[in-house]
Every structure is written in C-alpha cells, then in structure tokens.
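This briefing concerns a single protein model. The notes that follow are grouped by topic and are meant to be read beside the structure.

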Amino acid sequence: MKTTSRKRSALALVGFVLLSLCAGAVGGVATAGNIGGWYQTIAKPEWNPPGWVFGPVWTTLYLMMGVAAWRAWRQAKPSEKAWPMGLFAVQLALNALWSFVFFAWHEIGWALVEILALWLAIAATIASFSRISKAAAGLLVPYLVWVSFASFLTYTIWTLNR
C-alpha cells in the first residue's frame, strides 16, 4: 500500500470512528438532561442495568461501528459502497433519534417502534457488510445483541408505564 493510500485509509478510519462517536454524542445530549429527572420517576424492571454500564458499553459499540464501516468501505469496490454506507448512515441516525424519542420527548411507545426500526436497520447493515467483509459484519453483531436487549428493556418500561 502506498503512503498516500495508507494516509487516506487512516483518515477514513478516524472519520468513521468520529462519525459513530458523534451519533452517540448527539443522543447523549437528549439523554443527559433527563437521566436525573424524568427517567428516575418512571417504573423500570428490577433487571434494569445501573446507569454506569451504559457509557462504557455504548462507547465500545460506537468504536466497533466505526471500525466496521471503515472495513466495509475499504474493502468494497467503488460501485458497491453506496448501499452499505447508506444503511450504515440510516442506522446511525436512528440510533441518535432513539434517545430523543425516549429521553427528551418521553414517548416510550414511539421509542419502542423506533428501536425496532433501528434493529432492522442494523440487521440490514450487517447483511450488507457481510457481502463485503465478514469481519466488518461481525463487528456489528455485539451492537445488534445490545439493541436486542435495549428493545426488550424499552418494551418492558413501556408496559410498566402505560
């Protein structure tokens, strides 16, 4: 690999990781103002994870998402990039939106609908990435598992608070 190609690849890696972390930061804006207020007042299941778990888990997942997107982008032929990168962007947007629907707007039922759309977008992204790079697809599997858990948690919170 030429030095210019390496620099471009390294910059792309940093860009994909930063893009993923930015989605988390945008969602964090909606979350931060409501964790100590509204969220404390709603019913949650006994198995609801403690708050300190979410930061490290999501940070790890955002890093893995960025690396996955970079691997898919790097390994795809130019004509193959649009669809997988579009799906990646859609799931990132849905990821950030969920925090607003749930935490900022307090719409638990709509958050459940939204997180199911997110789950489908992640699954579609994994399928799309798997055609290009099994490693890229594999990096998104823990994210899908976590969102599966988060979906069930959202459902449970919705049922406890209707």
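**Surface, fold and one buried serine**

The model is a predicted one. Its secondary structure comprises six helices and zero strands.

**Fold and dimensions**
- Along the sequence, the elements follow the pattern α-α-α-α-α-α.
- The C-alpha atoms occupy a box of roughly 55 × 25 × 25 Å along the principal axes.
- The radius of gyration is 17 Å, which agrees with the value near 15 Å that a compact globule of 162 residues would have.

**Burial and contacts**
- Buried residues make up 42% of the 162 residues of the protein.
- Among contacts with a separation of 6 or more, 81% join residues 24 or more positions apart.

- S99 belongs to helix α4, which spans residues 82–104.
- The relative accessible area of S99 is 10%, so this residue counts as buried, the cut-off being under 20%.
- When neighbours within four places in sequence are left aside, S99 is in contact with G27, A30, T31 and A104.
- A104, one of these contacts, is also the residue at which the range of helix α4 ends, given as 82–104.

Conventions:
Residues numbered from 1 in each chain as written. Predicted model: local features only at pLDDT ≥ 70, side-chain atom pairs only at ≥ 80, totals over all residues. Heavy atoms only, no water. Helix = DSSP H or I, 4+ residues; strand = E, 2+ residues; numbered from the N terminus. Rg over C-alpha atoms; globule rule 2.2 N^0.38 Å. Buried < 20%, exposed > 50% of the residue type's maximum accessible area, 1.4 Å probe, protein only. Contact = heavy atoms within 4.5 Å.
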